[in-house]
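Let's take a walk through a protein model together. Keep the sequence and the 3D view open as you read.

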Amino acid sequence: MLKSRLDLEQLARRAKDGLLQENVRILVCAGTGCVANGSLEVYEAFRQELERKGFTIRVELVKEPETSGIALNISGCHGFCQMGPLVRLEPAGILYCKVTKEDVPEIIAEHLINGRPVERLLYHHPDTGRPVAREEDIPFYKKQRRIVLEHCGRINPEDIHDYLAHDGYQALSKALFEMTPEEVIEAILASGLRGRGGGGFPTGRKWIFARSAPGDKKYIICNGDEGDPGAFMDRSVMEGDPHRVLEGMLIAGYAIGADEGYIYVRAEYPLAVKRLRRAVDQAKALGLLGQNILGTNFSFRVHIKEGAGAFVCGEETALIASIEGQRGMPRPRPPFPANSGLWGCPTVINNVETLANVAPIIQHGPEWFKQYGTSNSPGTKTFALAGQVAHTGLVEVPMGITLREIVFDIGGGPREGNSFKAVQIGGPSGGCLTEEHLDMPVDFDSLQKVGAMVGSGGMVVVGQDSCMVEVARFFMTFVQNESCGKCVPCREGTKRMLELLTKITTGEATGEDLALLEELALMVKDGSLCGLGKTAPNPVLTTLRYFRQEYEAHIHDKKCPARVCKDLLSYFIDAGKCRGCGLCAKNCPAAAISGDRKGPHTIDREKCIKCGTCLEKCRFNAVYTA
């Protein structure tokens with residue numbers, strides 16, 4: 001039990017000494033993506049093979065002080081998910097990619113015993129083909145600046161001593177013993193930190209409102225209800241560095257005068273929930289949570305609330321209702337949560353990434369934080385890079401970096417055989433941007449000007465083989481399903497917009513339908529109660545703005561330029577290429593293909609159900625669509 005600042009410093013020194021005793025540290029990624037690909041089997045293979053070779057293995061830093069030499073640990077997500085399972089070897093920083101349990105004996109024999117990296121398991125540069133050994137030298141990481149993700153992939157998220165060995169809870173100590181609550185708030189305000197959950201509201205201002213609000217009971221809520229399709233930024237932080245989130249909550253609680261906090265995390269994140277609970281238990285055991293933390297008058301306790309997975313609960317007031325045991329539905333504001341939030345008490349709600357920025361700001365100072373990013377959007381932002389891009393994964397970049405740098409330099413550009421068409425940024429509440437926007441800076445204000453938003457950080461790259469009308473319909477389907485139904489503009493408006501988008505993709509729409517779609521989108525945007533409804537039309541409005549010709553082609557020409565919308569496709573057989581093998585006719589489920597053996601075949605378009613089987617089965621490229 002840590003009863004003073006000195007106790008904390010002494011334990012941190014012991015943890016750091018433990019790190020110094022390790023000649024080699026093997027970190028097997030145990031983020032959700034790598035676990036799904038078998039990384040826990042890789043970890044177990046390392047344990048068994050090391051024991052078979054006679055190595056003494058250290059698993060925990062402080063509890064095994066007499067053990068030195070080889071350390072074997074799990075880690076959180078590195079971000080380079082496409083290359084998992086990943087294994088990092090310290091202190092050299094060598095990263096092995098796509099490791100299987102069968103590769104483990106070779107790594108131990110070659111790398112640990114003979115000192116030769118296993119080149120076939122290293123990342124190979126796409127231009128030169130040469131192996132790249134160090135993680136920092138891989139192009140995917142070159143332009144990143146990791147503040148929130150600093151420890152992810154480099155520490156064991158299930159060992160609090162590993163966090164302490166990397167200066168964990170030192171920012172809390174500094175805040176409690178060297179700063180007043182007002183000074184803490186001033187530091188956050190001076191840093192320019194803005195909420196990373198989508199709105200971009202200045203964090204320090206939110207804290208000021210809550211501290212100055214009347215009332216003895218106040219709360220901190222960590223919003224981990226990450227519901228955007230393809231987004232996994234907050235999940236990766238909660239899984240890979242849970243103590244960073246707790247430390248941010250503790251500092252926020254000290255700043256506003258709160259003694260209790262909630263982490264609201266969706267139940268679909270079982271690994272994050274498990275590691276958060278473990279982190280809370282460890283912090284309690286050391287006295288970093290509970291009464292009179294480090295011998296001060298500050299007390300704080302944390303509860304973990306599992307949400308049912310409703311997208312609308314990412315909205316502050318709906319989240320509060322869910323914690324209170326009510327149905328997750330938004331309420332009109334004001335009053336704002338900072339004045340009247342959880343059970344009517346002043347409440348600060350920050351998302352995971354925002355809170356993960358707090359400790360480094362307090363530890364290094366506001367000016368250090370402001371050296372990254374832009375004047376109005378300081379710091380960094382994490383993005384989940386997905387879609388038609390060569391290197392998918394989790395990235396953290398300085399605000400102000402261009403879309404081109406993210407998509408082409410970090411992401412490696414579109415996948416082979418495709419070309420860039422657009423990028424959907426900000427999830428279902430964001431917008432689609434085109435090639436003309438590739439050189440614009442990625443920050444809160446610049447994106448807002450072109451109809452998009454940073455949002456929580458989803459970034460989906462769209463290739464030329466994608467239909468932008470179908471992209472808009474996909475996101476509208478998601479939003480409509482997730483609408484809580486409380487307000488008419490969102491409940492009915494999104495439903496009618498989805499119906500119109502479906503009509504367009506099936507070739508049944510008219511020019512009047514297109515005008516009505518745009519009118520509805522603006523009405524839903526202006527009239528909805530909460531952020532879900534107000535931002536739901538963004539994908540539609542931006543695709544109408546930048547890809548209107550695709551909508552018009554669907555409506556007037558009854559054609560899908562990308563050949564995605566099945567109802568607008570017609571299948572034909574090129575008589576010059578057809579060899580009359582009959583394979584297409586044999587596999588056609590609608591018996592729509594006829595022809596003589598070794599003679600050209602034809603498709604009866606009245607019978608054709610447009611399943612695409614003939615296109616798939618033809619070995620002579622004779623079947624085509626138009």
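Predicted model: local features only at pLDDT ≥ 70, side-chain atom pairs only at ≥ 80, totals over all residues.

Residues are numbered from 1 along each chain as its sequence is written, and side-chain values use heavy atoms, with hydrogens and water left out.

Let's start with the second largest pocket, which holds about 260 Å³ of space. A pocket here is an open set of points on a 1 Å grid over the protein atoms alone, where a 1.4 Å probe fits, with protein on both sides within 12 Å along at least five of seven lines; lining residues have an atom within 4 Å of a point. Its volume is the space filled by probe spheres set on those points. This pocket has 16 lining residues, and Glu60, Glu158, Asp159, Arg278 and Gln282 lie nearest its centre. β3 (69-75), α6 (160-165) and α12 (270-286) are the elements that give two or more residues to the lining, and α12 gives the most, with 4. These labels come from DSSP runs numbered from the N terminus: helices are H or I with at least four residues, strands are E with at least two.

Why does Gln448 count as exposed? Because its relative accessibility is 60%, and exposed means over 50%, with buried under 20% and partly exposed in between (1.4 Å probe, protein chains only). Gly431 is 17 residues away from Gln448 in sequence, yet their C-alpha atoms are 9.4 Å apart in space. Over in helix α9 (residues 203-212) sits Ile208, which is partly exposed at 34%.

Time for the backbone. Most residues other than glycine have a negative phi, and most peptide bonds are trans. Glu90 and Pro91, though, are joined by a cis peptide bond, with omega about 5°; Pro91 lies in the loop between β4 (87-90) and β5 (94-96). Arg333 and Pro334 are also linked by a cis bond, with omega about 5°.

Two residues have a positive phi without being glycine. Ala591 has a phi near 50° and is exposed at 53%, in the loop between α25 (583-587) and β18 (593-594). Lys610 has a phi of about 60° and is partly exposed at 23%.
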